[in-house]
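Dear colleague,

Please find below the structure that I am handing over to you. My notes on it follow directly after.

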Amino acid sequence: MGRETSGSLLSLREQNRHRVVETLRELGVASRAEIARRTGLSRSTVSSLVSELQTEGTVVDNAADAGDAPAQAGRPPQLISLGRRAGAAIGIDFGKRHLAVAAADLSHQILAEERKQLAEGYDAATGFDAAQELVAHVIDDTGLDRDAILGVGLGLPGPIHRVTGQVGSATILPGWVGLAVAEEMERRIGLAVHVDNDANLGALAELYWGAGQGAGELVYLKVATGVGAGFVFGGRLFYGAGGTAGEIGHMTTDVSGPLCRCGNRGCLETFAGAPAIVELIRSSLGEELAITEIAERADADDASCRRAMADAGRHIGNALADVCNLFNPERVVVGGTVGQACRTLRDAMGEAVRERAIRSAADDVEIVPGVLGERAEVLGAVALFLGSAETRAHTSADRGAA
């Protein structure tokens, strides 16, 4: 009986240690009091476990961050985080014309980043080669052993089927359709890889580091070449049955509208994606303007550009109003090269939501610009392996199902 009791106590203590580590993995930096609130453990138990973990080097002090935390009884809390020896994660972001790779430790501190421009329409082999090279560079830059890398998150601009891990047909990288990207990257770099949609990763990044911090019910809207959304409910990404939740760009705006790359007609992004806006200005003004210049001119009150961006914003806002009615988010973070850059577009979106969403849903939601810019997706890819045990359990389950 004594041995069984002793074994049970040891098992309970290991479980509690695991809860403390997982809480720090999710929060990045926290006080002992915050860990106690999150885990339900007593403060004395948390303090004892943290002391053990500090002795091992798994947990370290973050005294430099204490000034940023709210003071308690006139005294700032002592903040702690997981140390370097607890591991790190890598993120890879494949865009239409770029590749970005970053690494972060488990205190959510970015250790190294690299970015490379690629030719539009690059094939998968080119992308894999470039990613393999940048991952090696980033690991070298951090000075970490490969054994310390917990895993790699990888983002692509299109739907990813959760069971097979294959790229869906609506991706803007058409040569990648049907590829099992995670398996190929794992073979090349020898690390566990989890693939996700770029809008989901943008949602994670803004939740961890950006304008979504503190929001439990969040929609991240990426407006760029295409239009996509990532949903965070209860602090967790929502994927749907197969992983295609959030494909707002393929909601039907006009059943007789332009043919979309997905095969349907009149999808939202045929009216509000960057190519549609660029083509509208080209055909109307005879000028070939980049989408960033159109956004700048719109906000500077150029009549044609302002109208083009406002119309696009109203189309997106109409779709977003339906999302607000269905899911009742507390915050919508607008990112992407078009969405984050253009105030005119965001203002028109907000007006459409207020006009078309039911009053309570419109009153509940706050629409704000993202703050991470072009870094959002690669930081979100890192965040795939900085989250909770639930996220990593899904990763393992998905890999087993594939």
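This is a predicted model: local features need pLDDT of at least 70, side-chain atom pairs count only at pLDDT 80 or more; totals for chains, interfaces and linings use all residues.

**The contact of α2 with α3**

In α2, the residues Arg 32, Ala 33, Ile 35, Ala 36, Arg 37 and Thr 39 meet Arg 43, Val 46, Ser 47, Val 50 and Gln 54 of α3.

Two packed helices are described by the angle between their axes and the distance between the axes. Here, helix α2 covers residues 32-39 and helix α3 covers residues 43-56; the angle is about 115 degrees, and the axes are 9 Å apart. The crossing of α2 past α3 is right-handed.

Within α2, the buried residues are Ala 33, Glu 34, Ile 35, Ala 36 and Thr 39. Just after this helix comes Gly 40, with a positive phi of about 80 degrees.

Arg 17 belongs to α1, which spans residues 2-27. Is Arg 17 buried or exposed? Its relative accessible area is 13%, under the 20% limit, so Arg 17 counts as buried. Apart from neighbours within four places in sequence, Arg 17 is in contact with Leu 49, Glu 52, Leu 53 and Glu 56.

**The chain as a whole**

The chain contains 15 helices and 13 strands. Of its 402 residues, 52% are buried. The accessible surface of the chain amounts to about 17,700 Å², and carbon and sulfur atoms account for 48% of that area.

**Aromatic residues**

How many aromatic pairs does a search of the whole structure find? The search finds eight aromatic pairs. In the pair of Phe 231 and Phe 233, the ring centres are 5.8 Å apart and the planes stand at 20 degrees; planes under 30 degrees apart count as stacked, and the pair is therefore stacked. Phe 231 is also buried, with a relative accessible area of 7%. Elsewhere, one aromatic cluster is formed by Phe 94, Tyr 122, Phe 128 and Trp 176.

**Loop residues and their contacts**

Ala 215 lies in the loop between α6 (198-209) and β9 (217-223). Ala 215 is buried, with a relative accessible area of 5%. Beyond its neighbours within four places in sequence, Ala 215 is in contact with Leu 207, Glu 330 and Arg 331. Ala 215 and Glu 330 are 115 residues apart in sequence, while their C-alpha atoms are 6.9 Å apart in space.

Thr 225 is in the loop between β9 and β10 (227-233). Its relative accessibility is 21%, which falls between the limits of 20% and 50%, so Thr 225 counts as partly exposed. Not counting residues up to four places away in sequence, Thr 225 touches Lys 96, Ile 172, Gly 273, Ala 274 and Pro 275. Between the C-alpha atoms of Thr 225 and Glu 269, which are 44 residues apart along the chain, the separation is 8.2 Å.

Leu 179 is placed in the loop between β7 (149-156) and α5 (181-189). With 29% relative accessibility, Leu 179 is partly exposed. Leu 179 touches Ala 124, Gly 165, Gln 166 and Val 167, residues up to four places away in sequence not being counted. The C-alpha atoms of Leu 179 and Ile 160 are separated by 10.0 Å, and these two residues are 19 apart along the chain.

Asp 301 has a phi near 75 degrees, a positive value in a residue other than glycine. This residue is found in the loop between α9 (291-299) and α10 (303-327). Since its relative accessibility of 54% is over 50%, Asp 301 counts as exposed.

In the loop between α10 and β12 (331-335) lies Asn 328. Phi of Asn 328 is near 55 degrees, again a positive value in a residue other than glycine. At 38% relative accessibility, Asn 328 counts as partly exposed.

With kind regards

Conventions. Residues are numbered from 1 along each chain as its sequence is written. Side-chain values use heavy atoms; hydrogens and water are left out. Axes are lines fitted to C-alpha atoms, for helices over the stretch in contact, and angles run from 0 to 180 degrees between N-to-C directions. Helices (H or I, at least four residues) and strands (E, at least two) are DSSP runs, numbered from the N terminus. A crossing is left-handed if the near helix is turned anticlockwise from the far one by less than a right angle, and right-handed if clockwise. Contact means heavy atoms within 4.5 Å. Buried means under 20% relative accessible area, exposed over 50%, partly exposed in between (1.4 Å probe, protein chains only). Accessible areas come from the Shrake-Rupley method with a 1.4 Å probe; for residues, only the protein chains shown count as cover. Rings of Phe, Tyr and Trp (its six-membered ring) pair if their centres lie within 6.5 Å; planes under 30 degrees apart count as stacked, over 60 as edge-to-face and the rest as tilted.
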